[in-house]
Amino acid sequence: NKAEKPALNFPIPLAMWDFEQCDARRCTGKKLERMGKLHTLRLTQAFGGVVLSPNGKKTLSPEDKDVVKDKGAGVVDCSWARLEDVPWKRMKMGPERLLPFLVAANPVNFGKPMKLTCVEALAATLYITGFIDEAHDVLEGFSWGAHFLELNQELLDGYATCKNSEEVLAFQDQYLAESKEKGEKLIEDRQKMLDKLYTIGSDEEEEEVEEGEEGGHEGVEGEGEGAEEEEEEEEREEEEEEEEREEE
């Protein structure tokens with residue numbers, strides 16, 4: 001007998017189609033189900049909420065807020081490498097949406113664009129459609145959950161201020177363009193710093209060489225002066241010996 005599923009205790013209806021193509025131990029959707037925040041759908045079970053799907057024609061935006069509020073948000077838990085195996089036509093779902101650019105914070109794909117887990121995708125959906133507190137709540141229970149919102153704070157806040165999909169995409173493109181410029185400038189500044197350090201190092205080496213050469217010249221000159229004094233001393237001794245012989 002299957003264990004009874006916990007009663008749902010989340011203010012926004014959350015749902016998931018699970019095709020068991022991923023590691024069940026790491027499935028964040030199953031964990032949400034155990035926490036009573038999400039329910040799993042049968043293949044042909046209808047769900048009228050917004051569904052995050054690769055087949056979506058529009059990008060998620062605050063325009064979807066009413067649908068999320070009334071009917072919820074859903075995800076399809078499957079492997080990106082096996083999308084063709086998913087019987088999409090048999091699934092009865094509400095409006096399908098694509099997520100805009102976001103970066104994963106889960107341990108498996110940390111820092112990778114768009115490699116989100118179910119809970120990250122649902123949290124992003126809630127945040128963008130204006131349910132910010134619920135976005136925080138759904139991530140509770142995951143040690144890295146808060147990092148997802150921190151990592152994408154600027155993006156999520158920007159998307160949440162847009163009116164529709166077109167504005168979300170415009171913000172996304174602007175953000176990516178500016179990030180590319182910042183990245184290029186960072187590389188340029190780093191190269192300038194390295195060039196400067198190299199130049200400073202070269203100047204110091206040249207100064208050391210010049211000082212070493214000067215010291216060498218002084219040493220040679222010192223040796224020359226000592227030789228001349230010895231010669232003068234010998235000449236004086238010879239003159240004194242001659243004078244002594246003449247007196248004798």
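The following legends describe close-up views of a predicted model.

**Figure 1. Overall architecture of the protein, built from seven helices and six strands.** Along the sequence, these elements follow the pattern β-α-β-β-β-α-β-β-α-α-α-α-α. The protein has 248 residues, of which 35% are buried. Among contacts between residues at least 6 apart in sequence, 73% join residues at least 24 apart.

**Figure 2. Helix α3 and its burial.** Helix α3 comprises residues 118-128. This helix is mostly covered, with 11 of its 11 residues buried. The buried residues include the nonpolar Val119, Leu122, Leu126 and Ile128. Glu120, a charged residue, and Thr125, a polar one, are also buried. Just after α3, Gly130 adopts a positive phi of about 100°.

**Figure 3. Packing of helix α3 against helix α4.** Helix α4 spans residues 132-139, and its axis lies 7 Å from that of α3, at an angle of about 165°. An angle over 145 degrees counts as roughly antiparallel, and α3 and α4 are therefore roughly antiparallel to each other. The crossing of α3 past α4 is left-handed. On the α3 side, the contact is formed by Val119, Ala123, Leu126 and Tyr127. On the α4 side, these residues meet Ile132, Glu134, Ala135, Val138 and Leu139. By class, the residues of this contact comprise eight nonpolar, no polar and one charged.

**Figure 4. Packing of helix α3 against helix α6.** Helix α6 covers residues 153-160; its axis comes within 8 Å of the α3 axis, and the two cross at roughly 45°. The two helices are therefore oblique to each other. Helix α3 contributes Ala124, Tyr127 and Ile128 to the contact, while α6 contributes Gln153, Leu156, Asp157, Tyr159 and Ala160. The contact of α3 with α6 contains six nonpolar, one polar and one charged residues.

Figure 5. The structure holds zero disulfides. For Cys27, the closest cysteine sulfur is that of Cys118, at 5.2 Å, which is too far for a bond. A disulfide would require the two sulfur atoms to be within 2.5 Å. Cys27 is buried, at 8% relative accessibility. Cys118, a residue of α3, is also among the buried residues. A further cysteine, Cys162, is buried with a relative accessible area of 10%.

Figure 6. Met114 lies in the loop between β6 (96-98) and α3. Although Met114 is not a glycine, its phi is positive, at about 65°. With a relative accessibility of 33%, Met114 is partly exposed.

**Figure 7. Glu166 in helix α7 and its position relative to Ser61.** Glu166 belongs to helix α7, which runs over residues 165-247. The residue is exposed, with a relative accessible area of 55%. Glu166 and Ser61 are 105 residues apart along the chain, and their C-alpha atoms are separated by 8.7 Å.

Key:
Residues numbered from 1 in each chain as written. Predicted model: local features only at pLDDT ≥ 70, side-chain atom pairs only at ≥ 80, totals over all residues. Heavy atoms only, no water. Buried < 20%, exposed > 50% of the residue type's maximum accessible area, 1.4 Å probe, protein only. Axes fitted to C-alpha atoms, helices over the stretch in contact; angles between N-to-C directions. Helix = DSSP H or I, 4+ residues; strand = E, 2+ residues; numbered from the N terminus. Parallel < 35°, antiparallel > 145°, perpendicular 65-115°, else oblique. Left-handed = near helix turned anticlockwise from the far one by under 90°. Contact = heavy atoms within 4.5 Å.
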